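Visitor: Hi! I'm new to this one, could you walk me through it?
Guide: Happy to. Let's have a look together.

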Amino acid sequence: MSLMAALSYARHGIPVLPVHAPDQGGACSCDKGVRCDRPGKHPLLRHGLTDASTDTDQIRLWWTHWPRANVGLRTGVMMDVADVDSAEGWHGLRHLLHDEVPAGPRVRTGRGGLHLWFRPTGFGNRVRLLPGLDWRGAGGYVLAPPSRHASGVDYSWIRRPTSGLPAGPPALLALIEGPALPPAGRRVTHPIRYAETALESESDKVAHAPVGARNDTLNRSAFILGRLVGAGLLDEAAVWHALTAAGLWAGLSHAEIRGTLRSGLTAGIRQPFASSGRDAA
Ligand SMILES: [Zn+2]
């Protein structure tokens, strides 16, 4: 059964990898058994993710060898996945997207969470994007139906993929992208100066955004600067003023700008930027 699923994913261009599976008692099929700290979740292959394949002969060979293997899918190739593992994560995501979570493919995970599939963003994995929400992108993988969780529950489709995947909503992409600066783990020594530079560079991005990307750019910039407003590093009125001028320069209408600024800023303010070392949302 998992072989058929694996072949079907591969036929859609998604690289597949066999993953250890739990037995009836929840023990991992690896040497550690009950002592495994990631039962049924880590790859069977020596090189893990990099061995993931769409080659049907290779996949048949793997499942001949390990007929009960869980099905892992490499992310960042055909899809990225929002990994929601608690009610808090789901509420956080809905809040961020103003209750407009795109109606793409959805998986109920073995421990009762959700996987939401999106078009690849080009970004890598992000752990704890929000409490209870991780992002699986380039260099990551997820388990897919009909994999079995250590709890004994199978991953299952709530909504199967049909044609095309939804794009990641701008507020979500902005959160994944993070502020344009500073590298993870670097302490911001002059938060105010940093915020002022960000205001300048984000306004510049909006003013020069190409037609077709203007509104998305404005939304992302509003979100990024909103995080600095939330941290008390920028004045909301100043951000509103600068981004409105930039949006008008780019050719957007007053009405478009107002609507986008309101949602982008509000979402950002709710995720204040932390200037002390790690940018923990
Ligand atoms: Zn294991």
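Guide: Here is a short tour, from the whole chain down to a single residue.

Visitor: Great. What kind of model is this?
Guide: This is a predicted model.

Visitor: And how many helices and strands are in the chain?
Guide: The chain has eight helices and nine strands.

Visitor: What box do the C-alpha atoms fill?
Guide: Along the principal axes, the C-alpha atoms of the chain take up a box of roughly 65 × 40 × 30 Å.

Visitor: How much of the chain is buried?
Guide: The chain has 281 residues, and 48% of them count as buried. As for the surface, the chain exposes about 13900 Å², with 51% of that supplied by carbon and sulfur atoms.

Visitor: What about the charges, how far apart are the mean positions of the positive and negative ones?
Guide: They are 4 Å apart, taking the 31 positive and 24 negative charges of the chain.

Visitor: Let's switch to contacts. What share of them join residues at least 24 apart?
Guide: That share is 73%, counted among contacts between residues at least 6 apart in sequence.

Visitor: Now the sheet with β1 in it. Which strands form it, and in what order?
Guide: It is an open sheet of three strands, ordered β1-β2-β8, with antiparallel pairing. At its edges are β1 (16-19) and β8 (141-144), each of which pairs on one side only. On average, neighbouring strands here are turned by 35° against each other, direction ignored.

Visitor: What holds strands of a sheet together in general?
Guide: Strands of a sheet pair through backbone hydrogen bonds, and the pairing is either parallel or antiparallel.

Visitor: How many bridges join β2 to β8?
Guide: Four bridges link β8 with strand β2, which covers residues 70-74, and the two run antiparallel.

Visitor: Let's end on one residue. Where is T109?
Guide: T109 sits in the loop between β4 (106-108) and β5 (114-118).

Visitor: Is that residue, T109, buried or exposed, and why?
Guide: T109 counts as buried because its relative accessibility is 6%, and the cut-off for buried is under 20%.

Visitor: So which residues is T109 in contact with?
Guide: Leaving aside neighbours within four places in sequence, T109 is in contact with L114, H115 and Y155.

How values were computed. Residues numbered from 1 in each chain as written. Predicted model: local features only at pLDDT ≥ 70, side-chain atom pairs only at ≥ 80, totals over all residues. Heavy atoms only, no water. Buried < 20%, exposed > 50% of the residue type's maximum accessible area, 1.4 Å probe, protein only. Contact = heavy atoms within 4.5 Å. Areas by Shrake-Rupley, 256 points an atom, 1.4 Å probe, with all protein chains shown as cover. Lys, Arg positive; Asp, Glu negative; His and termini not counted. Charge placed at Lys NZ, Arg CZ, Asp CG, Glu CD. Pairing = 2+ DSSP bridges. Axes fitted to C-alpha atoms, helices over the stretch in contact; angles between N-to-C directions.
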